[in-house]
Amino acid sequence: MKLLTTLLTGSALVAAGSAFANDHMASDMTLVSWGGAYQTSQQKAYTEPYMAANEGVSVTWDESSNEAVSKLRAMNEAGNVTWDLVDVEGPDSQRLCDEGLAMEIDFDDVLAQGDDGSDVEDDFGPTLINDCFIPQIVFSTTFGYRTDVEEWDGRTPTSLCDVFDLENFPGKRALEKRPKKNLEWALLCDGVAQEDLYDVLETPEGLEQSLAKLDTIKDETIWWSSGADTPQLLADGEIVIGSAYNGRLFSVIEEQSQPVAMLWDWQVFDFDGWVIPADLPDDRLARVLDFVKYATDTQRLADQAAYISYGPARASSQPLVSTHAELGIEMAPHMPTNPANQKNFLVNNIEWWADNQDDVEARFQAWLAK
Amino acid sequence: MSDATETGRVLSADGTPLKKSLNRALRVQKMRALALIAPLLIFVLVTFIAPIADMLFRSVENQIVSDTLPRTVAALKDWDPESGEVPDEQVFDALYKDMFVAQEQKIHTRVGSRLNYENVGMSSLFRKSGRAVEKMGDLYVDQFEDLNDAWGEETTWVALMASPAYAQAATGWLAEQDAAKKAGQAFTKAPPAFEPAPGIGDLLPQTAEAFGQFADFMRTEEEETALDDEPWTLVYTALYNDLTAASEAGIAAYSGPQADLLKEAKAAVATFESASRKAQFLEADEDWGDVGVWQTIRVYAPRYTPGYFLNAVDKQLGPDGITDQPENQQIYIMLFKRTLFMSMVITVSCILLGYPVAWLLANLRMRTANLLMILVLLPFWTSLLVRTSAWKVMLQQQGVINDVLVWLGLVDDANRLIMINNQFGTIVAMTHILLPFMILPLYSVMQTINPSYLRAAKSLGATNWTAFWRVYFPQSVPGIGAGSILVFILAIGYYITPEIVGGTTGTFISNRIAYHISSSLNWGLAAALGAILLAAVLILYWAYDRIVGIDNVKLGG
């Protein structure tokens, strides 16, 4: 009956279908992301076209992804989850999934098939890291440095360990205010081989060794907590070298033409994606599932790469990645997955970090406060 | 007055004693006054006092351990921590049951996080074991199912373990659900509550308990019945334990449903392959062989703990009583000292900068004073974040101040001053932000000082300085007192500004509180730190009252 009335009002068949579906769907969503250039790319590639296709849907953005785990825990404790979809890194999704704070997902059911007809599981491949995580992008954390530092006498950093070399590359550094990645980098530059990395880090002595290496540059380091900090500090000339997400650095270098260059050595790959908080009310869940299916299809994931230099999580999206939406430059050389950029790299050890984050974080924060 | 009667009591116009009628009138007035402030009173109680009390209560609350691991906590009572030996099989069996239920409910990681505050490493221990514990019973599941396929059927279990009434209700509920699904209707009826079969608890105590928990879990968490899924592997393990322990005769005497199946199983369990729970846990993570882990669980089993308060003063509660934290983790006392010291520096800077400004405000002509007043208040009306970020722009190495100094040639370009991300940055930014809180009380006190006193002093031969110091200054002390209390108490609890401009050396204890509230989620420790901070402020206030006298504090004319 409802369908018939809708048809009679003259809407197209497609619109009628979605109007029927809209009956039991909430009309607004709260999405949580990281802010900055990354969130803008999500708005341009996902939410704007989605809102254009679904009239009356509104989206609220919350830039709290770096505190997603703790905030979701707090919301869960308070019994009032106000978020509908949360953008998190792989390890955080593992923790949320383990703690029952994120919804487990039947991928074949919830996600769309690849445009080339491939299965969901095949298309996403290794990026499907656990039962809760809906992958969007492959990104890396790497270093950017100023190209105009006089004290460097024309030397340019070529290796990760130049970050720890205050003699040849003096100046302030920026590192993330979290142990993850910093500890691995410190050990790599302290002579630990890649294959022994987590075995060493798991022992108390290994952790102390890593912190001791970081101690050598602690006085020269500014600790960032928001992804936008390092690009800002680099552009201001407050730091000479700092770790950041590769897409943010791309934006500083190419879009804002700052005298900054990339140091890809030992970049750390990571996956970023959505999780749906557990136990959402039915109407909100229906809306979120509808959005997720749309926003993670082949075309949408490829579209995002036109705004920021992160690799799409679907194999079927890769051939569709072309040029930057505004600058018109070829995106492929700026992707972390470009062979020239990945001579040395780590892949974020999600299981290890999910297990050890609490332990290591406590020690790291105490070290930081000292 | 003609109402005064022979009884000697004063009566009001209507004949009631005056005292009574006055009381009544006053009572009405009091009630009215109370009703007027009631909204505020209730508002303050509900939104301020109650949450603070609740938060402070968390500093001693420790229910999570005994709620999540009830059997383990009970079993550990008999264990001697001094023995230096890992607890026996019985404790591991209790741990297995607790962990199994906890990981199904996905709460095992929370107790792990809680214990991790006391013994770093326990969070990962609980996470890893949570993954392993589900597989520990597979051995028994396989053997029971090899023995007879019926053990893999949900209906077998429900017939054996549940009362006939439950079995019937569950079947009915499933049928209704199917019917609703076919008709395309929403189905919202709650699944039936579980009831154990009569007598099964005596025959198979562990199995009955485990199955009961399974059925309750299915009902409350999955909103399904025990007929919807095979029982947990925990139930099979419990059945093995029960059958091994049960007497031949007891099983033979059983005549309820599935009696034959049970008898067959009883005959077979003797030949079953079994596994030690202890060995399984040690295989999952060797840390279970660490006595320290067990001591931590035992020490933190009580429902209330002084542990958080001890942590907040760099101590910890261990099996040997109270000890110091390892040296590299002692940060809170240092942070408390730093907070108090820097707040004092900020207060003194505010007095030094605010006193002349307040004097000018009080002594200039009205028009000029008003203009100055607006200049004082203007930053007051600007957002705190904007002001703090502005200081960032001013103070940073490539910032305005450094640029000017370099341009003037006072500072070498290569050695720009470091004025931010350290204590200096925090002091400068916070002095600026808190200055109005010093100037306003000073100003209002100075306004009331009669200028003729100064003239009188001078006419009696005092120098300018003596007149100021002996006559004017003492009268302005109440203003300094009020301003100092305001600035100091505000400073001690500040956290946004130190977070933005303080780096790692310029942060306050409140930054740690915020970190524990929003990042590490160690709310107990945050509450303990907050309680100590509150106590410190109250003690300082009391000391101030004793030394200066709170009556000498004036906020206004």
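Trainee: At what distance from the ring centre does B:Arg277 lie over the face of B:Tyr96?
Mentor: This is a predicted model, where local features need pLDDT of at least 70, side-chain atom pairs count only at pLDDT 80 or more, and totals for chains, interfaces and linings use all residues. Residues are numbered from 1 along each chain as written, chains are lettered from A and ligands numbered from 1 in written order, and side-chain values use heavy atoms, without hydrogens and water. A charge sits over a ring if NZ of Lys or CZ of Arg is within 6 Å of the ring centre and within 35 degrees of the ring normal. For B:Arg277 over B:Tyr96, the distance is 5.0 Å.

Trainee: Which residue lies over the face of A:Trp367?
Mentor: The distance from the ring centre is 4.5 Å. The residue over A:Trp367 is A:Lys218.

Trainee: How many aromatic pairs are there over all chains?
Mentor: Rings of Phe, Tyr and Trp (its six-membered ring) pair if their centres lie within 6.5 Å; planes under 30 degrees apart count as stacked, over 60 as edge-to-face, the rest as tilted. The total over all chains is 48.

Trainee: Which class is the pair A:Phe269 and A:Phe345?
Mentor: The ring centres of A:Phe269 and A:Phe345 are 5.2 Å apart. Their planes are at 70°, so the pair is edge-to-face.

Trainee: Is A:Phe269 buried or exposed?
Mentor: Buried means under 20% relative accessible area, exposed over 50%, partly exposed in between (1.4 Å probe, protein chains only). At 6%, A:Phe269 is buried.

Trainee: Which class is the pair B:Phe100 and B:Trp232?
Mentor: The ring centres of B:Phe100 and B:Trp232 are 5.5 Å apart. Their planes stand at 55°, so the pair is tilted.
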